[in-house]
Each structure stands twice: as structure tokens, then as C-alpha cells.
There are 2 protein chains.
Amino acid sequence: MRIAFQGSPGDESETAANRAWPQATTHCVKRFEDVLTTVAKGQASHGILPVENSIDGSIHRNYDLLLEYDLPIVAETKLRVTHSLVARAGTSLAAIRKILAAPHALAQCEQFVRDLPDVEIVATFEPGSGVQLIREGNLDNTAAIAPAQAGDTPGLTVLQAGIQDYPDNVTRFILVSRNPTPLAKADKTMLAFALQNQPGALFKALSVFALRDVDVMRIESRPARDQPWDDVFYADLGAGREEIRCARAIVHLAESVRWVKTLGSFARWVEPSLDHVLGEGTRQSSQ
Amino acid sequence: MRIAFQGSPGDESETAANRAWPQATTHCVKRFEDVLTTVAKGQASHGILPVENSIDGSIHRNYDLLLEYDLPIVAETKLRVTHSLVARAGTSLAAIRKILAAPHALAQCEQFVRDLPDVEIVATFEPGSGVQLIREGNLDNTAAIAPAQAGDTPGLTVLQAGIQDYPDNVTRFILVSRNPTPLAKADKTMLAFALQNQPGALFKALSVFALRDVDVMRIESRPARDQPWDDVFYADLGAGREEIRCARAIVHLAESVRWVKTLGSFARWVEPSLDHVLGEGTRQSSQ
């Protein structure tokens, strides 16, 4: 199992892949689109894409890519986003005059960084490179925004942990493959569809699930763009498509919508530590 | 009319407010939450908040704020997001060695900036300050990511326009006020509601609109967080709440959901240049 991800070693996508599928190797590519072309060409068996963040919402460009490429979703996972401020051991926060950070990490820690006086912020595009520059250059008075584990590197320390603006910051990732077989028994299906342009069209569409007791766990229409007739709905169903009620509902749906596409069927992700709260027992999507 | 916005002069929120309501004055505050407290305290008559972006999706933190504060939405507007690279007149792109940019602007132009060789990127937190630093310091070999109109400043020039990664990048803003009267005749209503935790609950909820021919223009459930029973749905209805069929539908909805809140009723925004395509005649949300 070889998972392509967008970004650089140490990025959130790679961390999510490593935690969910520790037996896999990872392979970094430059753009989200490259994740899909890499898998399509067989240079990786799987690809991981972030699709939703609890603070910032859905990542529409990646939903667009799922529609564009015929690569089924075979699993999902989630990762809590945390950032720390890391510097050379012995440095104090008050001594910091320069901070190295990747643009997306910086945007997620903006309040914290804005409140520091007399600090210059320099953007780095490889998430690991801020920490690397500090280590290799023995840079004084310089810190990097990095994952907390960067503070475990000899000679470095975490000046402040959890510096992201929003504590409840969780990203959802999906795993695609050329082989549509889910990694674990599927109990969730993701669909995309476009409605006929008439009032009540959404109600009709959802009736095919309600009539068969298939739960619609999540639904979203892509924000109206300049072409309102192009709206696409994304829905997560609480059943695998091998289940006859789910398969029949999708066939029924096709009767009333302009088009429908099954993006994949897979095991729903359950946060391990919450199992006792949810009373669902131990279940892992990674097996 | 005095509109509070998050950010600094020249920010997208201020530009959106100025274009939609040119007769209004603007007032900048530090955080999104401050927009609402400023209006609640009467220090501004209105507040503007970005709630959706065509690439990045809904801005959930701002939907959360709409729920938290009792300030009705009275209008909406949209703004196309564009960024340009601006430098001193006479400078060439090849000579640039340093770029000044705000974190969010930088994140939206990441591909462009990554492809420039030997350039240091320095973050600035006031969007106008990059351009200001270049002007006041007569900085050579330095450029700023800024709105294209910054290139109209004497002594400055646009090195490259439209450098954002995605051309079709449009942000939707809502305007809140203490006075719930919409700025123009309402033909759209935004609702938030939470379902009973049972299959078919969403179908039941939507039936109240389908039965009355009230169009559901957009619907979204907030991504599952750690508490799946806390999911909130946001819906845009294609009717003002003063219309009897819409008012009755909302009363009916309250029968089957855990709670429902009307976030506001307002005139839907129509892009002026698209009026002839949509065949809807000239209509402005700003009157």
C-alpha cells in the first residue's frame, strides 16, 4: 500500500495517512490534482485528500476532483489539527523575533501570531523546512510553526503548544484507489447528484432514501456559483451500496435527477477514544 | 449606515461593503466576533461577514456566530476574489527577491508564489501594509500581494494580475443589523435547524417546504464533529418569510425538529452583469 498525498513530508495529509494506515508507505506530490493522476497512472495504490474541516468547511476543489476522476473512495479518516511554536532549546518566547511558517499553518494560527510584538513572519512552503532551517543554521531568536512532535528533535523545544486559533479543528480525509473494494466492510456511501431545476426536486431526491430507511448523514450543495443550474449536491448515506436497500435507492434516485454518481462506499470512521461514549465498541476503518 | 467589518482597510470585506452599499461608511474590527458585538452595542448600524467561498466552501465559524448572536441577516452580496503582485514602477518580476503578503492572500496564491525562484516571503497582517512599506521605504526588489487597484497608486505598478490559484473564486457575504427589516424586498430566507436523531428526519423536515412549493435553494449540514447529535443544518429558502406559505412552512417545521431559528429574510443577490443571461431584469440588493 503506497499512499500519494499533497504537500511535503510531515504535512497533515501524511500524518493522517500514517496514523490510519501505519503499514503503508507515503509519496508526496505537489498539487491535489497530482494525487489523483498519480493513483490513476498506478504510481501509487492509494491517494489521500482532505475534503472537510470542522472550522473552514468543505474543500470544494477536492470534491470537484472526485467528480472529475473515476477513482472510488475506499476509506475515510480524521485528524485533529494542532500547531506548536518550536525553537532551539533554551530560547524563550519573549526572545523570538522571527517566525517561519507555511501559509496554511500561518492562517490557522493568525490570532496567536498577530498578538506577538516585534516579530517578523517569513513564509516557508515545505512544512518541515522551518524547523530544518533553525536546526541547520542554529538560528537564534527564531521559531517555527510545526507539529508538536517537532519539539522532540534533539536541540529543539516547544515554546507553546496548541497555538491554532480554534481548538476544535478536525480535518476529514478520504482515501481513493483504482480498486473500488473498501478497506473495511462498507457502511457508508458518498454520492454526488444534480437536481432537475424545479421546486421540490430535493425533497423527491431524498424520498428515495427515506422510503427505504437509508439515513442521510450529511448533505451539502456546492455554493451557488455563476451558473445556478450547475449546483451539485453531495450526500453521505448511512449504508454500504452493497446493501440492497441502498442499491435500490440509488437506482430510484437516478429516475428523478439529472445525473448521479457514486463516489465510493466505505467503512465510516469512528474516533477510537470516543468509542465508549458512542457505545459502538472498538471499530477501526484502517483494517 | 455604518458597516463593521473584520480586518483592515482595503480587505475583501470592506471592498464588498463599499461596492454593494457605496453610501455607507465602514468601520474595521479585529475579529469576526467583534463585527457582531459592535453591531449589538450600536457602535455600527450593520455588520458584514463572509460566509461562503466558491473554492473553500462555507465558513462555519461565521455560521456559528450567526446562531450565537441574535442579529438578523438583512442583505447578502458577493465579491470575486482577485490578487495581484504589485511593486515599484520600473521593477521587473525577475528582479523580485521578497514578497509581502497577508496569510490568507498568500494561501490563495500559493501555487504562483511557490513557482518563483529565490524569493523570500514575509507575512504582513494588515493587507494594505505591504504596499505601504514598499512606497514609504522605496523598497527595491520587493513586491506585495494586493488588490489590482493598488497598482493605480502613483509610483507603483502591477507586475502580474490575477495570481490567485483558482480563477473562479467568489466569496458570499451577509449583512446583519439589529433592525430585522431587509434592505430590499425579501425573496430569500436563511434558516438553521437541528433534526431529531432518526432516519428520515431530514426528509420530513424538507417535506414542509415541498408541500408548499417553497424552493430549498441551498442546504448544508455542519460537518460531523465529535458530537454527531449536534449536527446543524443551514438552508436557504427561495421565499421571504413574510410570504404566508414560507411562514407556515417554518411553523410546520418546528413540529418535527429539535429546534429551528430564522437567521434572516432578505433580497437574493444577483450579479449585475449576469442579469441579461438569467433573464431576471435589473435588480439590486443594495437599494
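Over all chains, a search of the whole structure finds 30 salt bridges. The model is a predicted one. Chain B and chain A bury about 5100 Å² between them, and the rule finds two salt bridges across their interface.

**Salt bridges**

- Within chain A, the side chains of A:D187 and A:R268 form a salt bridge, with an N to O distance of 3.5 Å.
- A:D187 belongs to the loop between β11 (170–177) and β12 (188–195) of chain A, and A:R268 to the loop between β15 (257–266) and α9 (275–278) of chain A, so this pair ties together parts that are 81 residues apart in sequence.
- Between the chains, B:K30 is joined to A:D115 by a salt bridge. The closest N and O atoms of B:K30 and A:D115 are 2.9 Å apart.

**The interface of chain B and chain A**

- Chain B contributes 59 residues to the contact, and chain A contributes 60 residues.
- Of the area of about 5100 Å² buried between the two chains, 55% is on carbon and sulfur atoms.
- B:R114, B:F125 and B:F203 together supply 13% of the area that chain B buries against chain A, which is more than any other three residues supply.

**Helix packing between the chains**

- Two packed helices are described by the angle between their axes and the distance between the axes.
- Helix α7 (residues 201–210) of chain A packs with α7(B) at an angle of about 150°, and their axes are 9 Å apart.
- Angles over 145 degrees count as roughly antiparallel, and α7(A) and α7(B) are therefore roughly antiparallel to each other.
- The crossing of these two helices, α7(A) and α7(B), is left-handed.
- On α7(A) the contact is made by A:L202, A:F203, A:L206, A:S207 and A:A210, and on α7(B) by B:L202, B:F203, B:L206, B:S207 and B:A210.
- Sorted by class, the contact of α7(A) with α7(B) has eight nonpolar and two polar residues, with no charged residues.

**Helix packing within chain B**

- In chain B, the axes of helix α7 (residues 201–210) and helix α8 (residues 244–256) come within 9 Å and cross at roughly 165°.
- That angle makes α7(B) roughly antiparallel to α8(B).
- α7(B) and α8(B) cross in a right-handed sense.
- B:A205, B:V208 and B:F209 of α7(B) make the contact with B:A249, B:H252, B:L253 and B:S256 of α8(B).
- In this contact of α7(B) with α8(B), five residues are nonpolar, two are polar and none is charged.

**Helix packing within chain A**

- The axes of α7(A) and helix α8 (residues 244–256) of chain A come within 9 Å, crossing at roughly 165°.
- α7(A) and α8(A) are therefore roughly antiparallel to each other.
- The crossing in which α7(A) passes α8(A) is right-handed.
- The residues A:A205, A:V208 and A:F209 in α7(A) meet A:A249, A:H252, A:L253 and A:S256 in α8(A).
- By class, five nonpolar and two polar residues make up the contact of α7(A) with α8(A), and no charged residues take part.

Key
Residues numbered from 1 in each chain as written. Chains lettered and ligands numbered in written order. Predicted model: local features only at pLDDT ≥ 70, side-chain atom pairs only at ≥ 80, totals over all residues. Heavy atoms only, no water. Axes fitted to C-alpha atoms, helices over the stretch in contact; angles between N-to-C directions. Helix = DSSP H or I, 4+ residues; strand = E, 2+ residues; numbered from the N terminus. Parallel < 35°, antiparallel > 145°, perpendicular 65-115°, else oblique. Left-handed = near helix turned anticlockwise from the far one by under 90°. Contact = heavy atoms within 4.5 Å. Nonpolar A, V, L, I, M, F, W, Y, C, P; charged D, E, K, R; others polar. Buried area = accessible area lost by both parts, 1.4 Å probe. Salt bridge = Lys/Arg side-chain N within 4 Å of Asp/Glu carboxyl O.
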